[in-house]
Structures are given as C-alpha cells and as structure tokens.
Amino acid sequence: MKPPEAGGSSVDGIVRRALCPGSFDPVTNGHIDIINRAANLYDEVVVAVFVNESKSSLFDVDERLAMLTEVTEVYPNVTIDTFEGLVVDYCRVHDIPVIVKGLRAVSDFDYELQMAQMNRGLAGVDTLFMPTNPEYSFLASSLVKEIAKWGGDVTSLVPPNVLTRLKERTSATG
Ligand code: PNS
C-alpha cells in the first residue's frame with residue numbers, strides 16, 4: 001500500500017490532524033521526540049504554544065515560536081502556532097480531534113488524565129498519551145532552565161539552537 005503523503009490527505013482522503021500543545025519554554029529533546037512520533041502517526045500535526053500571561057517565562061512567545069520553527073522545519077507535516085484560552089476551542093476552530101501528550105512517569109498521569117477527561121467531556125476532543133522515550137523520562141523545561149541558569153551542561157537535553165539561546169540568555173541575566 002502506498003504510504004500517505006506527508007502534509008497531504010491520507011489514502012482514504014481524510015486528513016488526520018493532531019495537536020501538540022504546551023508551554024515550550026523552551027522546547028526540549030523530549031518534546032521533539034513526541035512531535036516526531038506524532039508526525040509519523042498523523043497527516044498534519046500542529047504544535048501550539050499556550051500563551052499564558054499569568055505565568056512568567058524565560059523566553060517570550062516569539063522566541064519560543066522561533067525555536068520550535070527551527071527544530072521542526074525537517075518535518076513537512078508539522079506547523080507551529082500559538083493559542084490563548086481553552087485548548088479545546090483551538091481544536092474546534094482548527095478541526096483537530098486529538099491532542100497528543102507525552103507521559104514521562106506516573107507522576108504526570110494524574111493531572112494529564114484529569115485534563116484529558118475534561119477535554120473529552122467539554123468538547124469530545126480525545127487525548128493520545130505517548131510514553132516518553134526513557135532517555136527523556138526526567139527531562140522538563142523547568143529543569144533545563146534551572147541547570148542552565150547555574151552554568152550546568154544541558155547539551156544533551158535540548159537541540160543546538162535552544163542551547164545557543166539558553167547560553168545567550170543566561171549569560172545576559174547573570
Ligand atoms: O507544557 P505545559 O505547560 O505542561 O502545557 C500545559 C498546557 C498548555 C497543554 C495546558 O495547560 C493547556 O492545555 N492549557 C490551555 C488552557 C486549557 O484548556 N485548560 C483546561 C485544560 S482541561
């Protein structure tokens with residue numbers, strides 16, 4: 001059977017879309033692993049940065065979008081966007097029936113299950129949980145920022161473009 005064309009419609013003419021939402025402050029190798037695997041499963045994947053004015057961030061939204069755009073340019077069926085408000089409203093407007101989330105450990109599960117059930121109840125949007133690659137089971141953007149801030153080596157945790165920006169930012173802020 002002919003494989004579906006990346007970014008186009010699948011063999012039965014139905015375009016299967018998925019959303020990878022998150023803060024991505026900054027994108028890590030763990031996120032990229034999930035985005036990559038989602039891009040292999042779905043015709044179109046939207047990676048959407050949640051704009052949350054009440055949460056302080058190291059990188060502003062434009063910087064996070066730029067880093068995500070750079071690291072996903074190798075995937076022809078992945079696009080980058082932002083959203084404010086409810087994730088299910090973004091899904092409805094863009095006709096996306098499923099959210100893809102990585103699960104690092106059991107500790108992620110309680111909250112992720114709660115959100116998944118709420119999103120399903122609110123708008124019928126399903127959530128697909130992907131077990132994180134064990135290599136990244138400890139990895140979180142917050143830890144990356146903390147380590148980089150104190151001069152630790154995060155080379156193996158983030159892509160090179162993010163590493164460069166982290167070094168610039170942490171040296172600028174001391
Ligand atoms: O990378 P994060 O910070 O863990 O991502 C969490 C995110 C943005 C995916 C989640 O907080 C979310 O979906 N927020 C959008 C607001 C919303 O829909 N909240 C209700 C969820 S039931």
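Biologist: Before we start, what should I know about the model?

Modeller: It's predicted, so local features need pLDDT of at least 70 and side-chain atom pairs count only at pLDDT 80 or more, while totals for chains, interfaces and linings use all residues. Residues are numbered from 1 along each chain as its sequence is written, and side-chain values use heavy atoms, with hydrogens and water left out.

Biologist: Which residues of helix α5 are buried?

Modeller: Buried means under 20% relative accessible area, exposed over 50%, and partly exposed in between (1.4 Å probe, protein chains only). Helices are DSSP runs (H or I, at least four residues), as are strands (E, at least two), numbered from the N terminus. In α5, residues 141–149, the buried ones are S141, V144 and A148. They cover an arc of only 60° around the axis, which puts them on the same side of α5; that arc is taken from the directions from the helix axis to the C-beta atoms.

Biologist: Which residues have the most contacts inside the largest nonpolar core?

Modeller: A nonpolar core is a set of buried Ala, Val, Leu, Ile, Met, Phe, Trp, Tyr and Cys residues joined through side-chain atoms within 4.5 Å. Here the largest has 33 residues, and V27, V45, V47, V100, V154, V158 and L166 have the most contacts inside it. Helix α1 (29–41) gives the largest share, 5 residues. Apart from this core lies another, of 11 residues, including F83 and Y90.

Biologist: What does V88 touch?

Modeller: Contact means heavy atoms within 4.5 Å. Leaving aside residues up to four places away in sequence, V88 touches N119, L122, A123 and V125. V88 is in helix α3 (residues 87–93) and counts as buried, at 3% relative accessibility.

Biologist: Is M118 buried or exposed?

Modeller: M118, in helix α4 (residues 106–123), is exposed, with a relative accessible area of 52%.

Biologist: And D33, buried or exposed?

Modeller: D33 lies in α1 and counts as buried at 13% relative accessibility. Setting aside residues up to four places away in sequence, D33 touches N133 and Y136. D33 and N133 are 100 residues apart along the chain, yet their C-alpha atoms are separated by 7.4 Å.
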